[in-house]
Amino acid sequence: MIPPALPFAGTVYQIGAVTADLDRAMADYSRLLGLSGWKRMDTDYLGRYREWSGRIANRNAFAPWGAIHLELIEPGIGDGNAMEWLRTRGEGIFHLGVAVDDVRQRPADAEVVFEVTSQTQPDGSPAIVHLDTVARLGYFTELAWRPMAERLAAWVTDPIGKDRT
């Protein structure tokens, strides 16, 4: 049986994993999975996770992985879902990133539990959200506005692109 189509036009572009030690995780993924070409980016933004809202700052690293890329996140400041995941579940994959044309088009039965409120689509709505798919899929599903996801993917795969730290 062929599974039904997603209720939105989406393309998987990223796997996100949380870690307590970004440098060690980069070395582990390089040694164990052969990933290379790492790019570093420190993020600092306003976000909301469930009832909490505030500043989130993380250390991040990205590496091309075939047609997609891996994002490693070392939570720093704020009580976002990456920080909670690390505290309650430990290190590992915590989201699958899907590039979409409009983040507002999503399954009706998947609650938005995380959103980056300081990065928006042209209409002012959040450009990145995480759906609470953990109980059903084992991880959050990230919906990212396609132009933003494509810019990130282009930077990750650009051999001369500079780190953003």
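Reply: Happy to! Helices (H or I, at least four residues) and strands (E, at least two) are taken here as DSSP runs, numbered from the N terminus. The model is predicted, so local features need pLDDT of at least 70 and side-chain atom pairs count only at pLDDT 80 or more, while totals for chains, interfaces and linings use all residues. Residues are numbered from 1 along each chain as its sequence is written, and side-chain values use heavy atoms, with hydrogens and water left out.

Let's start with R164, in the segment after α4. R164 is partly exposed, at a relative accessible area of 44% (buried means under 20%, exposed over 50%, partly exposed in between, with a 1.4 Å probe and protein chains only). Setting aside residues up to four places away in sequence, R164 touches R40, M41, D42 and W155 (contact is heavy atoms within 4.5 Å). Q105 lies 59 residues from R164 in sequence and 30 Å from R164 in space, C-alpha to C-alpha.

W155 leads us to α4, residues 146-157, where W155 is among the buried residues together with R146, M148, A149, L152 and V156. The twelve residues of α4 reach 16 Å from first C-alpha to last, close to the 16 Å expected at 1.5 Å a residue (the expected span is 1.5 Å times one less than the number of residues). This helix lies across β1, β2, β3, β4, β5, β7 and β8, at about 95° to β8 (axes are lines fitted to C-alpha atoms, for helices over the stretch in contact, and angles run from 0 to 180 degrees between N-to-C directions).

The hairpin of β2 and β3 has two residues between the strands, and R50 in the turn has a positive phi of about 50°.

Stepping back, these strands belong to a closed barrel of eight, β1-β4-β3-β2-β6-β7-β8-β5, with mixed pairing. Neighbouring strands are turned by 35° against each other on average, direction ignored. The link between β1 and β5 is antiparallel over eight bridges, with A17 opposite I93.

And the interior? The largest nonpolar core has 34 residues, and F94, F140, L143 and L152 touch the most other members (such a core is a set of buried Ala, Val, Leu, Ile, Met, Phe, Trp, Tyr and Cys residues joined through side-chain atoms within 4.5 Å). The largest share of this core, five residues, comes from α4. Apart from it lies another core of 13 residues, including L22, A61, A63 and L70.

For the whole chain, I count four helices and eight strands, and 49% of the 165 residues are buried.

Key: Pairing = 2+ DSSP bridges.
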